[in-house]
Amino acid sequence: SSATATNKITIIFKSYQDCTDQKVYQAVTDDLPAAFVDGTTSGGDGDPKNLRIVERVSGKYVEMHARYIGTTVFVRQLGRYLTLSIRMPEELALAYEESQDLQLCVNGCPSSERIDDSGHLPLPVMGQLLPSGASSYTRSVYTLESATTKCHEKILLKDIYFHSCVFDLLTTGDANFTAAAHSALQDVEALHPRKERWHIFPNNEGSIQRGEFGLGLVGFLLVFL
């Protein structure tokens, strides 16, 4: 398939004053640990901890809460893929220097795999349109009609999560992406305090609400507060 799907996630919480030592979390498909790579589950002194990991579903869903920087991270495994959702202050996400790389929060995914903040999503028709630069492709078992029906089972509103679901089904033929899109919407509902900003609609169906962005094929979600 030409689609981009996440099968490895590395998260680095840098040391900060007296709040926490540097902690690294790493997950790969079928190995979603409930601890940092050093075996600990928290960082910092005192109680509650400034940084902690909470396992919600063994091997499938963990949360990280970094209260000293107002950040929450959800990591899930859905099928063979990993998903990542983050809530953080906007000024923190945008605070970086040009010398730093890997700034996904700022630069995002490749343009051919991105749902932009105007709601544009280049849907393949009958599974025949490849993302730009793709060199190989496995024909999807879904048509536009059947993919739309499948996604509507989980996502009732035709928002950006719905369109992402349709795009992923047409590109990959993998129904696990339906669960990934629905999970991304659930994460927004859990992470964003303002209900009116839970749904993002393409321009031809409504206006875009600032406050959250879905980047790439569903796998990474960033919520700004």
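Visitor: At roughly what angle do the axes of helix 3 and helix 4 cross?

Guide: Please keep in mind that this is a predicted model. Helix 3 covers residues 144-152, and its axis and that of helix 4 come within 9 Å. The crossing of these two helices is right-handed, and the angle between the axes is roughly 130 degrees.

Visitor: Which word describes how helix 3 lies relative to helix 4, oblique or roughly antiparallel?

Guide: An angle has to be over 145 degrees to count as roughly antiparallel, whereas the axes of helix 3 and helix 4 cross at roughly 130 degrees. That makes the arrangement of helix 3 relative to helix 4 oblique.

Visitor: How many nonpolar residues are there in the contact of helix 3 with helix 4?

Guide: Helix 3 contributes Leu-144, Ala-147, Thr-148, Lys-150, Cys-151 and His-152, while helix 4 contributes Phe-162, Cys-165, Val-166, Leu-169 and Leu-170. Sorted by class, this contact has one charged residue, two polar residues and, as the number you asked for, nonpolar residues to the count of eight.

Visitor: How does helix 4 lie relative to helix 5, roughly parallel or roughly antiparallel?

Guide: Helix 4 spans residues 160-172 and helix 5 spans residues 176-191, and their axes come within 8 Å and cross at roughly 160 degrees. Because angles over 145 degrees fall in that class, helix 4 and helix 5 are roughly antiparallel.

Visitor: Which residues of helix 5 make the contact with helix 4?

Guide: The crossing of helix 4 and helix 5 is right-handed, and on the helix 4 side the contact is made by Tyr-161, Cys-165, Asp-168, Leu-169 and Thr-172. By class, the contact has eight nonpolar, two polar and one charged residues. On the helix 5 side, the residues are Phe-177, Thr-178, Ala-181, Ala-184, Leu-185 and Val-188.

Visitor: Which residue forms a salt bridge with Arg-76?

Guide: Side chains of opposite charge can pair when their charged atoms come close. In the pair with Arg-76, the closest N and O atoms are 2.5 Å apart. The pair links distant parts of the chain, 111 residues apart, with Arg-76 in strand 6 (residues 71-78) and its partner in helix 5. Both residues are buried, and the partner of Arg-76 is Asp-187.

Visitor: Is Glu-63 buried or exposed?

Guide: Glu-63 forms a salt bridge with Arg-56, and their closest N and O atoms are 3.3 Å apart. Arg-56 is partly exposed, with a relative accessible area of 48%. For Glu-63 the relative accessibility is 7%, so this residue counts as buried.

Visitor: What is the N to O distance in the salt bridge of Glu-153 and Lys-150?

Guide: At 54% relative accessibility Glu-153 counts as exposed, whereas Lys-150, at 27%, counts as partly exposed. Their side chains meet in a salt bridge, and the protein's count of such bridges comes to five. For Glu-153 and Lys-150, the N to O distance is 3.8 Å.

Visitor: How many strands does the protein have?

Guide: Read along the sequence, the pattern is β-β-β-β-β-β-β-α-α-α-α-α-β-β. The secondary structure therefore comes to five helices, and the number of strands is nine.

Visitor: What share of the residues in the protein is buried?

Guide: A residue counts as buried when its relative accessible area is under 20%. Of the 225 residues in the protein, the buried share is 44%.

Note on methods
Residues numbered from 1 in each chain as written. Predicted model: local features only at pLDDT ≥ 70, side-chain atom pairs only at ≥ 80, totals over all residues. Heavy atoms only, no water. Axes fitted to C-alpha atoms, helices over the stretch in contact; angles between N-to-C directions. Helix = DSSP H or I, 4+ residues; strand = E, 2+ residues; numbered from the N terminus. Parallel < 35°, antiparallel > 145°, perpendicular 65-115°, else oblique. Left-handed = near helix turned anticlockwise from the far one by under 90°. Contact = heavy atoms within 4.5 Å. Nonpolar A, V, L, I, M, F, W, Y, C, P; charged D, E, K, R; others polar. Salt bridge = Lys/Arg side-chain N within 4 Å of Asp/Glu carboxyl O. Buried < 20%, exposed > 50% of the residue type's maximum accessible area, 1.4 Å probe, protein only.
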